[in-house]
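Here is a friendly briefing to read alongside a protein model. Take a moment to look over the sequence and the 3D view, then follow the topics one by one.

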Amino acid sequence: MKVEMKVKSIKGHCAAGYQVGERVIYSEPNITSCEGSPLCLYALSSFIPYLTALGRETEGKDWINQLRALQCPDPANTVVFSLQRN
């Protein structure tokens, strides 16, 4: 199962250079930036526990199915990513 993370909003300035609309794809075991931006280690390290759960088949009631967005841990320059499972 693939998970698409799309930049939904940016508060401040993203040090990694992400722009609204850019996509990052997780397809176990790979993570790929679709627009060629660098992958932000800080954001990815906070996402990993969720990506492993999103990448597996789950029942409809599973808690992970309620997750619609993730954000990077930078409180001053927060990037919010929407999530789409494929």
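Does glycine 21 count as buried, partly exposed or exposed, and why? Glycine 21 counts as partly exposed because its relative accessibility is 27%; buried means under 20% relative accessible area, exposed means over 50%, and partly exposed lies in between, using a 1.4 Å probe and protein chains only.

Before going on, note that this is a predicted model: local features need pLDDT of at least 70, side-chain atom pairs count only at pLDDT 80 or more, and totals for chains, interfaces and linings use all residues. Residues are numbered from 1 along each chain as its sequence is written, and side-chain values use heavy atoms, with hydrogens and water left out.

**The overall picture**

- The protein chain has 1 helix and 5 strands; helices (H or I, at least four residues) and strands (E, at least two) are DSSP runs, numbered from the N terminus.
- Reading along the sequence gives the pattern β-β-β-α-β-β for the protein chain.
- The C-alpha trace of the protein chain spans about 40 × 25 × 20 Å along its principal axes.
- Of the 86 residues in the protein chain, 36% count as buried.
- Among contacts in the protein chain with a separation of 6 or more, 46% join residues 24 or more positions apart; contact means heavy atoms within 4.5 Å.

**The nonpolar core**

- The largest nonpolar core has 21 residues; such a core is a set of buried Ala, Val, Leu, Ile, Met, Phe, Trp, Tyr and Cys residues joined through side-chain atoms within 4.5 Å.
- Strand 1 (2-10), strand 2 (23-27), helix 1 (41-54) and strand 5 (79-85) are the elements that give two or more residues to this core.
- Helix 1 supplies the largest share of this core, with 6 residues.
- Val3, Met5, Tyr18, Phe47, Leu51 and Phe81 have the most contacts inside the core.
- Leaving out residues up to four places away in sequence, phenylalanine 81 touches several residues, including Met5, Tyr18, Ala43 and Phe47.

**Loops to look for**

- Glycine 21 sits in the loop between strand 1 and strand 2.
- Glycine 21 touches Lys6 and Val7, not counting residues up to four places away in sequence.
- The C-alpha atoms of glycine 21 and lysine 6 are separated by 5.9 Å, although the two are 15 residues apart along the chain.
- Proline 29 is in the loop between strand 2 and strand 3, and the peptide bond from glutamate 28 to proline 29 is cis, with omega near 5°.
- Leucine 67 belongs to the loop between helix 1 and strand 4 (69-71).
- Not counting residues up to four places away in sequence, leucine 67 touches Tyr50, Leu54 and Leu83.
- Leucine 67 and leucine 83 are 16 residues apart in sequence, with 7.7 Å from C-alpha to C-alpha.

**A residue in strand 3**

- Isoleucine 31 lies in strand 3 (residues 30-33), and at 26% relative accessibility it counts as partly exposed.
- Beyond its neighbours within four places in sequence, isoleucine 31 is in contact with Val24, Ile25, Tyr26, Leu39, Leu44 and Leu51.
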